[in-house]
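Welcome, and please take a moment with the sequence and the model below. A short briefing follows, sorted by topic.

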Amino acid sequence: MTGLPARALVRDHRRHPWNLVFAVLGVALGVAIVVAVEIANSSASRAFELSMETITGRTTHQLIGGPGGLDEGLYTRLRREGFRDSAPVVEGHVRIQGETFTLLGLEPFAERPFRDHAVGGRDGRINRLITEPGTVMLAAPTAARLGLAEDETFFLTVGTTPHAVTLVGIVSTDEPGLGGYVLADIATAQDLFRRHGRLDRIDLILTDERQMARLREMLPPGVRLEAAEARTRATAELSRAFHVNLLAMSLLALLVGAFLIYNTLTFAVLRRRHLLGNLRMQGMTRASVFGLIIAEAALLGLVGSLLGLAAGVVIGQGLVQLVTRTVTDLYFVVTVTQLALGPAVILKGLLLGLGVTLIAALGPAWEAAGVSPREALRRSGLEHRVRRVLPWLVPAGGLLMLAGFMLVDWPGQGLLPGFFALFLLILGYACLIPPLVWLMARLLSGPLGLGFGVPGRLAARGIGAGISRSGLAATALAIAVSATVGVGIMVDSFRSSVGLWLGQTLQSDLYVSAPGRSGLGVNPVLPDDLPARVASLPSVAELSTARRVPLYTPRGPLELMAIDPSVQTPDGYVYLEGASPARIWQRLAAEEVILISEPLAWRKGIGVGDSLALPTDRGERTFEVVGVVQDYSAAQGMVTLHRTLYDRYWDDPGVAALRLSLAPGVSLESGLSQLRALAVTLDEPVLITAAGEIHAQSMAIFDRTFAVTHVLRLLTVGVAFIGILSALMALQLERAREHAVLRATGMTPWQLGGMVTLQSLLLGLAAGLAAIPLGILMSDVLIQVINQRSFGWSMIRTLPPAVPGEGLLLALTASLLAGAYPGYRMARVRPAEHLREA
Amino acid sequence: MDNRQIQNTDPQIPAHPPALVQLEAVSKRFREGGTERVVLDRVTARINPGEIVALVGRSGSGKSTLLNLICGIEAPDAGRILVEGRRLDTLNERSRTLYRRRGVGFIYQFFNLIPTLTVAENVALPLELNGVPARERRRRVAARLAAVGLADRADAFPDRLSGGEQQRVAVARALAHEPPLLLADEPTGNLDAETGAQVMALLQRLVRHQGRTLVLVTHSPEVAVMADHVWELVDGRLQARGEA
Ligand SMILES: Nc1ncnc2c1ncn2[C@@H]1O[C@H](COP(=O)(O)OP(=O)(O)OP(=O)(O)O)[C@@H](O)[C@H]1O
Ligand SMILES: [Mg+2]
C-alpha cells in the first residue's frame, strides 16, 4: 500500500544523502560508545567472576584472619579434628614481564575436592612443584602469551625483588578464569612472600550446620568463618562505582546522540513538508504517514546500530585495556583474556540504538503526520506557528529546569534520579536556546548590516526567519558541545580536588615504604629495626609510622590505616567533620575511637558520634567515629586509627611506611642520600620517595583512571561534531532554492558564499556560547550527583579556562566547515538548477 | 438555468436529482491577530453530477478556501457540506482523508507533482493508495498517460518536464483513480495562454468524455466559457453570472 510514498521518501534521501549519512553516523557513534563501555566493563567483571569461580571452585566457606593472616598450626589442627575438606592458601601479587599476576600457594594434596583446574592432578609435575623450591605452574594460554615453555626459568618480581622461578608445568585448560594466576606449592609461596608459618586463608567445604558449629567452637579469636560467595561478591562490589561512572559517561554520549538523531529526523521531516503535504492531499492518512516516518527511523536506527555494534567491538577492545588497568590500579588484579561479547551485549546495543532512534523519531513522526494537506498548497504557516510558540518555550524550559534542580536534591543514594535530573536540565535548557538565538539574530541584524552590507543583514535575518530550523540546529549544536564541556570540567575538577588533597596530605618530606602491593593476604612490611635506625639519622627531625592493610569485614572490604604520629597532632588530614584536629588526635591516642574517610561515611551513612563495628583479632569490636576525613585513595573506604589501638586489637606488629620530616637546614638531596646509604645496608629493598614524587605518581594513576573518560569525551566530541555538521549543512542545503533566488536577483557567488558562511558562524557562536553555561551545569550534576553518589567523593568544581574555550572553538570550527561546503556549492551552482526544483 | 441552484439565504432543498455536492449556508472565517475575517458567508450551492462549474472572483475572495472545504481539508465554521448525500463537515480526519483518496482528484496552479517520483509513478500514486492491483495499475497509468499525450515520458522525473507537460501529468493523475469529483485551482494560471488552452481543452474533453464533475477556479474568461455554470464570489457571497 505504501510502496510509492516510501519510494518518494527514499529517493528524497538519495538526493540529499548528507542528512542520512549523518543520522546513521550519529546513531552508530552513540551505540558504539555504549557498546564499547559495556564490553569493557563486562569483560573486566566477567574476567573477575571467572577467576573467582575457578579459584573458589567448590569451596563453600573460608577461614580468614586479620592483617597478619592465620597460623599454619590451625590447618594442622583442623585436619586432626577431622575437617578433611580443607585446603590452605597463601596468595599475593607478583609481576611477570611487567604484568601483575596473583600467585596462589596451594597444598596440592588437599586440592582435589576443591579445584579441577589448579594443581589437583597427581603426576610427576606436581611432585616437582612440591619437592623443588622455586617452581610454578601457569595456564597454557598465559604461558603462551608470556612466551614461556615448560622447564624454562624466568623472573618473577615480588615487590621490587626479582626471583628466578622455573615453570614445571603448564595446565592445559582453556578456562579463562585461570589466566591471571601463577600456581605454586604453599611452601614456595611462603618463601617468596616471606610468610613462613603463616596462611592467608583456609578453604573449606562445609555442608552441615553441626560441622560449622563445631568448627566455630575451636576457632581462636580473630579468626572468622565466612561464606566464600559473600566474600567474592563483596570484592566485586568494590569496582562497581567505577563501572557505574563509565556507564554514566557512555549514557551521556548516547543522550547527545539521541538529540542529534531527533534533530536529523526533524530536519528530514521539515525539509519534506511539501512532499508529505502532497501525499496527504492524495489521500494518505495521518496514521500511514506516521507509520512511514517511524519505519524510516527504524531502518535508520537498525543500520546505525549495526554499524555502531561493529565499531563498538573495535573500540571496546581498546577500552578494555584501559578499564582493566584502572581496576587493577584501584581495586583488584584482573586479567582479561577474552572479550565479553555475549548475545546480551549485542542485543543491548541493538535495542538501545533502535529504542533511542524510535523515541527520538516520535516527535518528528508526529509532526509529519500533522502536516496538513494545505502544506502542499502553501508554504508559510510553519514559521508562523513556530514564532508563536517561541515565547512559550521560555517558561516551559524554566519549569523543566526547575524540576531538574529539584530532582538533583532528591535524597538517597540512587543514581536514577541523578540521571533523570540531568536529562530534565538538558531538555529545559534546550527549550531556551531557540528564543535566545532568535533574539541574538534580531539584535545582530543591524551591526552585521553595517559591517558586511546586505549579505550580513540577510545572514542575521535568515536565522530569525527560519527559526524552526536554525533554532533546532543551534540547540543540537549547543547540547553536543556542552556535553564535552561538562565532562571536561568534571575531569578537571576531579583532578584538581585530588591534587589539592594530595598537597594537603603529603606534608612530610620523605617517605620510606616496603615495596609491593597490599591487597591480598600479603602486606609488605619494613624491617623491624628500620624505624629506629631512620629516626637516629641526624637529618631526620620527626618520624611517624604507618601501617595500611585491607580488612575484610562481613559487610565488604575496607582499608585500615594505623598511624603512630611523631607529634601529638599530625598534619596531612583534611577534616570534613569533627572537633578540632588537636582534640581529635588527643582522643585517638587515648580512647577506642577512629577516623573514617568520606566514601565510608557516605556508604554507611554514618558520621561523628556514630559507631562502626570492625572484625579484630579479639573478635568484633565497636569503635566510635570522631572525625570524617577527605580521602581519594581508597574507594572502598578507609578507617584511620592510632597505632596503640591497632596493637591492642590486631596482632600485626609490622610497619609498612615511614613518613619523615627533615631537620631544619637539611636539603632534600642530603636527606635522600643519607637514607639511601642506610637502605643499602638492609637485606630487603625499601622504597624511598620524596613527597613530590608520590604526588606525581598518584596523579599518574589518576590520569590513568580517567584515560577512559578522556577517550569517551573524545568520542562525544566526535558525535557532537557530526551533529553540528549535519544540522548546519541540512540548514543550508535546505535553503538552496532561496539562495538560488538571491543569486538570480544579482548576488555574486562570493557574496552568497560569504552570507552562508557568516550565517553558519553566527549559529555556531550562539550555540557555543549557550553551551558553556549548560556544560557547567552538567558538570555540577556529574560531580555532585553522579560522582558523589557512585564514589562518595566530594569535590570542588573548577572552571579551567581551556575547557569552555575548547567548546567554543569546536562549535566555531564545525560551523565554519559546515557553512563552507554549502557556501561553496551555492556559489558554484547555476541558479536555474535550484529554481527548477519544485 | 435554474436559479434555485444558487441561493444565499434559507435554501429550500428542491426535489431534484441527487446533487453530487451540496453546500448549505456554509460560512468560513479566519482569525488573524485580533481581527476576524469572514471569507465565506452562508454560501449555499449545489453541484450536479457531470457538470463543469467555474469559480471566479477577485484575488483573496475565497475561491481556494471553497475548494478546500469541498475536498475536506478545511472544515466550515457553520453550515453543512454534503457529498453524495453524506455529511462531510461532521466526518473525522481519517474519514475525510479516505473520502479525498477515493472521491476527489486535484489539479493545482503549481502542478504539485511529487519530485522524487517519476511521471508514471506520480500517476500510479492515487491508484496505489486506493488499492488497485499492480497489473491493473500499470494498464491504467499507460492509458492515462497516452490520453494526455505523454506516454513517452513515463520514466522522466517531473523537474525535467515543461510546465505544460507537468500540468498534463497532473491531469492524468487527477483522473487516474476515476474520482467522481475533480477540483482544479487555477490549472492554467502558471502556463502561457496557448499551453493553458491546450491543457484546458484536454481537461474538458476528458471530463466530458468520462462523465466527471469538475469545479474549476479560474481568472481567465476563456476558460470560464467552457463551464456549464459560472459562479462569482463577491464579499463572501456566491452569485451566478451570465452563463454560456
Ligand atoms: N489558513 C488561513 N489563515 C488565515 N487566513 C487565511 C487562511 N487561508 C486563507 N486565508 C485568507 O482567506 C482569504 C481567502 O483566501 P483564498 O486563498 O481562498 O483566496 P483566493 O480567492 O483563492 O485568492 P487567489 O485568487 O489569490 O488565489 C484570503 O484573504 C486569505 O488571506
Ligand atoms: Mg487561490
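Predicted model: local features only at pLDDT ≥ 70, side-chain atom pairs only at ≥ 80, totals over all residues.

Residues are numbered from 1 along each chain as its sequence is written, chains are lettered from A and ligands numbered from 1 in the order in which they are written, and side-chain values use heavy atoms, with hydrogens and water left out.

**Chain A overall**

- Chain A holds 28 helices and 21 strands, where helices (H or I, at least four residues) and strands (E, at least two) are DSSP runs numbered from the N terminus.
- The C-alpha trace of chain A spans about 100 × 65 × 45 Å along its principal axes.
- Of the 838 residues in chain A, 58% are buried (under 20% relative accessible area, with exposed over 50% and partly exposed in between, using a 1.4 Å probe and protein chains only).
- Taking contacts in chain A between residues at least 6 apart in sequence, 81% join residues at least 24 apart; contact means heavy atoms within 4.5 Å.

**Helices α10 and α12 of chain A**

- Helix α10 (residues 240–271) of chain A packs against helix α12 (residues 286–330) of chain A at an angle of about 155 degrees, with the axes 12 Å apart. That makes α10(A) roughly antiparallel to α12(A).
- Axes here are lines fitted to C-alpha atoms, for helices over the stretch in contact, and angles run from 0 to 180 degrees between N-to-C directions. Angles under 35 degrees count as roughly parallel, over 145 as roughly antiparallel, 65 to 115 as roughly perpendicular and the rest as oblique.
- On the α10(A) side the contact includes Phe242(A), His243(A) and Leu246(A), while the α12(A) side includes Ile293(A), Ala297(A) and Leu300(A).
- The residues of this contact of α10(A) with α12(A) divide into 9 nonpolar, 2 polar and no charged (Ala, Val, Leu, Ile, Met, Phe, Trp, Tyr, Cys and Pro count as nonpolar, Asp, Glu, Lys and Arg as charged, and the others, Gly among them, as polar).

**Strand β14 of chain A**

- Strand β14 (residues 556–564) of chain A has 8 of its 9 residues buried, so it is largely enclosed by the rest of the structure.
- Strand β13 (residues 540–553) of chain A runs antiparallel to β14(A), joined by 9 bridges; two strands pair if DSSP finds at least two bridges between them.
- A hairpin links β13(A) to β14(A) through 2 residues, and Pro550(A) has Glu559(A) as its bridge partner in β14(A).
- Strand β19 (residues 638–642) of chain A runs parallel to β14(A), with 5 bridges, and Ile563(A) has His642(A) as its bridge partner in β19(A).

**Sheet and helices of chain B**

- An open sheet of 6 strands in chain B has the order β7-β8-β9-β4-β10-β11, with mixed pairing. Its edge strands are β7 (104–107) and β11 (237–240) of chain B, each pairing on one side only.
- The twist in this sheet averages 20 degrees from one strand to the next.
- Strands β4 (residues 52–57) and β10 (residues 229–234) of chain B run parallel, joined by 5 bridges, and Val56(B) stands opposite Glu232(B) in β10(B).
- Helix α5 (residues 163–176) and helix α6 (residues 193–210) of chain B have axes that come within 10 Å and cross at roughly 15 degrees. α5(B) and α6(B) are therefore roughly parallel to each other.
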